[in-house]
Amino acid sequence: MSVVMDERTSLEVAGKRVAVIGLGKSGAAAIRLLQRLGAHVAVADQKPASDLVAALEDLATGDLELHGAGAYESAMRDADMVVVSPGVPLALEPLHRARLSGVRMIGELELASRYLKGRIIAVTGTNGKSTTVTWIGELLRGAGYDSFVGGNLGTPLAEAACASLQGRTWDYVVAEVSSFQLETIETFHPWIGAVLNVTPDHLDRYPSMDAYTATKLRMFDNQTGEDFAVLNADDARLSRASSLGAGVRVLFSRTRPVERGVFVESDTMISVLRGRREEVCRVSELQVRGVHNVENAMAAAAVAGLTGCPTEVINRGLRAFRGLEHVMEVVRVLREVTYINDSKGTNVDATIKALESLSAPAILIAGGREKGGEYPGLAEAVRRKAKRVLLLGEARASLRRALTGACPLAEVGSLDQAVREAAATAAPGDTVLLSPACASFDMFADYRDRGRQFKKCVHELG
């Protein structure tokens, strides 16, 4: 099957000096794309310059200027444009000064989007992005569409853009997009943009929830009346949003019917996207747990429906989906105790939803690096769903303050100790849940590393 391609304006960077700030996964992909476009690239990162060489071993490093140890200003000197990696805050003083002086500053998302060959479907939200993007990709593949799935999840969009420069096209490019990436867009223009939810997160980077929400809603800035804005009608902040660009609103709701979109009625998911009411699937037939996954399923169904996927294909794809690694992943059942890896639960709302999805008493393992220091609603969820909480990482003390009185608490020094203590105190029928409500970077490389170490510890139990 094929679809109409969107036209996009290329950037004139051949022969220009472009600084790339931050050498994460997306930064390396941006460098590769800029080199293909003929730019002279300078790279700056917090790592020492010697480490940058090793990180860029698959690139033509002889054509790169390397500036280690946070030498951002030297990399940006005389730059025609700066590409900022999402993990680098724009509020950093060298970047702030450069912007005030008029230096053009974009991100890998904006850069890559100029060269992608395929209609863009973009998904953001505090929680559920990776699950929903993957689910959409499965539904589109089931309908016979050729789709790229990546972005903030998996393969950076700049890698897809490099492939497009060599002639690769897709029917759809399905991208997970973060608020950090949306900070630096100019023309980024998804044909379908979806915002799943907005709950407290990254308040170590944003001054307020209003600022965080506004950044998420930049998804719709460049849409026209031929585009679609998919929104969670049950999210208070999204339902209050008034300025969303010109895209046609498509809603999904667990709690009420919607005029255009997808909603739940009793146990049935209903679509009203094609001028008639269609039953999509039974909610009880979904294999993934929790009301949050019902919302993810509705968002995926809405997006797939807008692309023209047949309802029977959407039905099969929703029922077949088994979820992602590190998202409510059942690791093992040992002596009638279920061990669940929800390491991707890096904020309080994700952990609350994980707890709410459980029917069995839970021993919760939580903690890590804080992302704002507030845990609204967590104590109440713990009081109702957890029999014990094991606290680890830098956030131990603040979590103890937030959860005192909700249930018995204990501090542990390592993930291995947490798993062993949980196993020693769990009774048949209990669930041991790793859902940290915090970032992982105090003790682990990332949430994937944390989740895999948790699984290793669980599998080593006797």
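Me: How does α1 lie against α7, roughly parallel or roughly antiparallel?
Reply: The axes of α1 (residues 25-36) and α7 (residues 157-165) come within 8 Å and cross at roughly 25 degrees, so the two helices are roughly parallel to each other. Under 35 degrees counts as roughly parallel, over 145 as roughly antiparallel, 65 to 115 as roughly perpendicular, and the rest as oblique. Axes are lines fitted to C-alpha atoms, for helices over the stretch in contact, with angles from 0 to 180 degrees between N-to-C directions.

Me: What should I know about the model and numbering?
Reply: This is a predicted model, with local features needing pLDDT of at least 70 and side-chain atom pairs pLDDT 80 or more, while totals for chains, interfaces and linings use all residues. Residues are numbered from 1 along each chain as its sequence is written, and side-chain values use heavy atoms, without hydrogens and water. Helices are DSSP runs (H or I, at least four residues), numbered from the N terminus.

Me: Back to α1 and α7: is the crossing left-handed or right-handed?
Reply: Left-handed, that is, the near helix is turned anticlockwise from the far one by less than a right angle; clockwise would be right-handed.

Me: Which residues make the contact?
Reply: From α1, Ala-29, Ala-30, Arg-32, Leu-33 and Arg-36; from α7, Ala-158, Glu-159, Ala-161, Cys-162 and Leu-165. Contact means heavy atoms within 4.5 Å. By class there are seven nonpolar, no polar and three charged residues. Ala, Val, Leu, Ile, Met, Phe, Trp, Tyr, Cys and Pro count as nonpolar, Asp, Glu, Lys and Arg as charged, and the others, Gly among them, as polar.

Me: And α13 with α14, at what angle do they cross?
Reply: Roughly 20 degrees, with the axes of α13 (residues 348-356) and α14 (residues 378-385) coming within 10 Å. α13 and α14 are therefore roughly parallel, and α13 passes α14 in a left-handed crossing. The α13 side includes Val-348 and Ile-352, and the α14 side includes Leu-378 and Arg-384.

Me: What about α16 and α17, left-handed or right-handed?
Reply: Right-handed. Their axes come within 9 Å and cross at roughly 45 degrees, which makes α16 oblique to α17. Leu-415, Asp-416 and Val-419 of α16 meet Arg-450, Gln-453, Phe-454, Cys-457 and Val-458 of α17. That contact has five nonpolar, one polar and two charged residues.

Me: New topic. How many cavities are there of 30 Å³ or more?
Reply: Four, from a search of the whole structure. A cavity is a set of points, on a 1 Å grid over the protein atoms alone, where a 1.4 Å probe fits but cannot get out; lining residues have an atom within 4 Å of a point.

Me: What volume has the second largest cavity?
Reply: About 70 Å³, counted as the space filled by probe spheres set on grid points joined across faces, edges and corners. Of its 13 lining residues, Val-84, Pro-86, Phe-180, Gln-181 and Thr-184 are the closest to its centre.

Me: Which helices supply at least two residues of that lining?
Reply: α5 (108-113) and α8 (179-182) each do. The lining of the second largest cavity has six nonpolar, four polar and three charged residues.

How values were computed
1 Å grid on protein atoms, 1.4 Å probe; cavity = no way out; pocket = protein on both sides within 12 Å on 5 of 7 lines; lining within 4 Å.
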